[in-house]
Amino acid sequence: MTNILLQAQQGGGGMMMLLMMVAIFAIMYFFMIRPQQKQQKAIRNFQNQLAEGMAVVVGSGIYGTVKSVDLARNTVDVKIAKDVVITVAKSAVFQDMTSIPAQK
């Protein structure tokens, strides 16, 4: 009789473990995965709205102004100094310079 009671108690532990694993995954999703997906979506939207004259920062840390956008080649020409224009992949442009806080 005691063996049957012990086996019944042990069987409930497996279900509790499964519920805890599901809860941990849900917490990770809402605190880690979902915010990262939102941030990536915002970056993609920004890259799709690039226009001539926008002040941007390239992924390598180079500041410049968008000179032109080539949708066919998926590239952006960025003016970084007087008479210096570099061509970068559109996906390398991450943020608008206006969103960077001013340093004192």
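**Note on the predicted model**

1. Surface. The protein chain exposes about 8300 Å². Carbon and sulfur atoms supply 62% of that area. Keep in mind that this is a predicted model. Of the chain's 104 residues, 13% count as buried.

2. Layout. The protein chain has 1 helix and 5 strands. Follow the chain along its sequence and the pattern reads α-β-β-β-β-β. Now look at contacts between residues with a separation of 6 or more: 36% of them join residues 24 or more positions apart.

3. The sheet. In what order do the 5 strands of the open sheet stand? The order is E4-E3-E2-E1-E5, and the pairing is antiparallel. Strand E4 covers residues 84-89 and strand E5 covers 93-96. Both stand at the edges with a single partner strand each, so one side of each has no neighbour in the sheet. On average, neighbouring strands of this sheet are turned by 45° against each other, direction ignored.

4. Strand E3 runs over residues 75-81. E3 and E4 pair in the antiparallel sense, over 6 bridges.

5. The nonpolar core. Which residues make up the largest nonpolar core? There are 9 in all: Phe46, Leu50, Val56, Val58, Val66, Val76, Val78, Val88 and Val93. Strand E1 (55-58) and strand E3 each supply at least two residues of this core. In soluble globular proteins, nonpolar side chains tend to be buried together.

6. Phe46. This residue belongs to the core. Set aside its neighbours within four places in sequence. Phe46 is then in contact with Met54, Val56, Val93, Phe94, Gln95 and Asp96. Of these partners, Val56 and Val93 are also listed in the core.

7. Val88. Is Val88 buried or exposed? Its relative accessible area is 13%, under the 20% cut-off, so Val88 counts as buried. Val88 lies in strand E4 and is part of the largest nonpolar core. Beyond four places in sequence, Val88 touches Val58, Thr75, Val76, Val78 and Val93. Asp77 is 11 residues away from Val88 in sequence, yet the two C-alpha atoms are 6.4 Å apart in space.

8. Thr75. This residue is found in strand E3. Thr75 counts as buried because its relative accessibility is 13%, and the cut-off is under 20%. Which residues does Thr75 contact, leaving aside neighbours within four places in sequence? They are Ser68, Val69, Asp70, Thr87, Val88, Ala89 and Lys90.

9. The aromatic pair. How many aromatic pairs does the count give? The count comes to 1. Tyr29 and Phe30 form this pair, and the arrangement is edge-to-face. The ring centres are 5.2 Å apart, with 80° between the planes.

10. Cover of the two rings. Tyr29 has a relative accessible area of 29%, so Tyr29 is partly exposed. Phe30 reaches 51%, so Phe30 counts as exposed. The cut-off for exposed is over 50%.

Technical notes: Residues numbered from 1 in each chain as written. Predicted model: local features only at pLDDT ≥ 70, side-chain atom pairs only at ≥ 80, totals over all residues. Heavy atoms only, no water. Pairing = 2+ DSSP bridges. Helix = DSSP H or I, 4+ residues; strand = E, 2+ residues; numbered from the N terminus. Axes fitted to C-alpha atoms, helices over the stretch in contact; angles between N-to-C directions. Phe/Tyr/Trp six-rings, centres within 6.5 Å; stacked < 30°, edge-to-face > 60°. Buried < 20%, exposed > 50% of the residue type's maximum accessible area, 1.4 Å probe, protein only. Core = buried A, V, L, I, M, F, W, Y, C linked by side-chain atoms within 4.5 Å. Contact = heavy atoms within 4.5 Å. Areas by Shrake-Rupley, 256 points an atom, 1.4 Å probe, with all protein chains shown as cover.
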